[in-house]
Amino acid sequence: MEGQRWPMEGQQRPMKGQRWPTRSQSSCDLRGSHLRAKPSEAVPETPAASTAAISEPSAAPPAAILGSPGERSLAGANGPGRGSQGSLGPGIPGPRGGDLDSVSLLSGTLESLSGPFPDDASSMGSDSEVAAPSYRRTDRYGFLGGSQYCEAPESSVPVDVARQRELKWLEMFNHWDKWLSRRYQKVKLRCRKGIPSSLRARAWQLLSDSKALLDRNPGLFQELERQPGEPRWLDAIEKDLHRQFPFHEMFAARGGHGQQDLYRILKAYTVYRPQEGYCQAQAPVAAVLLMHMPAEQAFWCLVQICEKYLPGYYSAGLEAVQLDGEVFGALLRRAAPAAHRHLRRFRVEPVLYLTEWFMCIFARSLPWAAVLRVWDMFFCEGVKIMFRVGLVLLRQALGSPEKLRSCQGMYETMERLRSVPPPGLHEDALVHQVTSVPVTEALLERESGAQLRRWRETRGEAAARPPPRLHGARAILQERQRRGGAGGGGDPQAGAGGREPSAGGRKGGAGG
């Protein structure tokens, strides 16, 4: 309450001659600090408006995670986002005006799909709001609230079983290449069971082969950080920082360590791949990685996702995403013909609902426990996991005559697609359904080839020519071994054993 005397309970009185700190001073002291209140460090209450901001998501629709209508169109006419250069010091000043007119994924389509995400609806981000509720507890994943907050207990797995799983993974780490090349099916099975949370960061780096890429390029991330970067990308990145998981303790505070590291990663990638630059969908992907590993490791993991798992996904024009949308439509016609006819009837193209699912690897569309399980399988088995998850969600949304009858129109259908998965869906049940979907790497390649030929007949040659997609950890390891030596990995444009070229002398990325 205004006029309330400081200090609050647990705060020491100032020494003689000193003054009580003001509320604004106390809020500034919290900038960038750890957000979980400790019992011995009581956080003072703030006015009710601030408390409501974190407890109750605003009803006002926020800016869509991936932009607003008219920005970064599918045709790529405007190209990636434009902006003016901005500095990102310890406080990360707010974005300045510039000529940033386009950093969105779709022109007028994703806005209607994204709608009022609870995570974005809040004005969360200022330190006073983060500190508003006393003793605000996070869930086991670090979320303070929002749609992905998990109230479930820690884990139902017995301690001795969890310990045995950790020991098995540690054994695999000690002989990783041998396990991946000779006992891949066992590695895949263990990824489907779920990687132990204590070892997930290391496992993701080994599965994606980003650790080999990091070892091969010591100090390159720091070198990329020191480069000035292109102003249009820097301004676009600054404007997106507060949108990424604002209810997670790591990204809740403006200028906090999470937002600073996220900026470092995204800026470094624009220097690393200047022709590809920055796409808004990279930000939530990088944020998920940062929740599990330091910035440098997260950067190289992001590089592998963009260039091995999803090449061309984040290039201007988004042609790779559109092509995968056509592939998904063909697979849906086989797996759920009634749902496919329904979507065709109301002209709900795959790109309308699939873009955010695929480009963010479901990071904003599933309960968090399910997100982590999907990512575990994705790093091991590759992009086929995304197609399988998408088919499972479509069948859950439109898989019965009753559900189809309740969606008599494009708007009703889109609303139904936004409501998947159903509340209470357990991650184990989702994984079981995903692993039973008969989508194989060979089927994906065959369907991709057919859709690419159809694309050329109707639209001509694609503007971008991304490198071939690699289907999971084993394919990435085999590519590295073919290129010569256990120290390889990373960019095929670099020599087999040499250091990555500096940013100024690099050839184009996926769009080159």
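Start by selecting Lys 384 and Glu 441, whose side chains meet in a salt bridge at 3.8 Å, N to O. The term salt bridge means a side-chain nitrogen of Lys or Arg within 4 Å of a carboxyl oxygen of Asp or Glu. This pair links distant parts of the chain, 57 residues apart: Lys 384 belongs to helix 20 (residues 384–398) and Glu 441 to helix 24 (residues 441–459). Helices are DSSP runs of H or I with at least four residues, numbered from the N terminus.

The model is predicted: local features need pLDDT of at least 70, side-chain atom pairs count only at pLDDT 80 or more, and totals for chains, interfaces and linings use all residues. Residues are numbered from 1 along each chain as its sequence is written, and side-chain values use heavy atoms, with hydrogens and water left out.

Stay on the pair and colour by accessibility. Lys 384 is buried, at 7% relative accessibility, while Glu 441 is partly exposed at 29%. Here buried means under 20% relative accessible area, exposed over 50%, and partly exposed in between (1.4 Å probe, protein chains only).

Next, select Arg 456 and Glu 461. Their side chains form a salt bridge at 3.6 Å, N to O. Arg 456 is partly exposed, with a relative accessible area of 41%, and Glu 461 is exposed at 51%.

Move to Arg 264 and Glu 225, a salt bridge in which the closest N and O atoms are 2.4 Å apart. Arg 264 lies in helix 13 (residues 257–272) and Glu 225 in helix 11 (residues 220–226), so the pair ties together parts that are 39 residues apart in sequence. Arg 264 is partly exposed at 28%, and Glu 225 is partly exposed at 23%. For the whole model, the count comes to 22 salt bridges.

Finally, select Arg 165, Lys 168, Arg 183, Lys 186 and Lys 193, which form a positive surface patch. Helix 6 (159–174) and helix 8 (184–193) are the elements that give two or more residues to the patch. A charged patch joins like charges within 9 Å, using residues with over 30% relative accessible area and no salt bridge. Lys and Arg count as positive, and the charge is placed at NZ of Lys or CZ of Arg. Zoom in on Lys 193 to end the tour: this residue lies in helix 8 and is partly exposed, at 49% relative accessibility.

Terms used: Patch = residues over 30% accessible without salt bridge, like charges linked within 9 Å, V, L, I, M, F, W, Y side chains within 5 Å. Areas by Shrake-Rupley, 256 points an atom, 1.4 Å probe, with all protein chains shown as cover.
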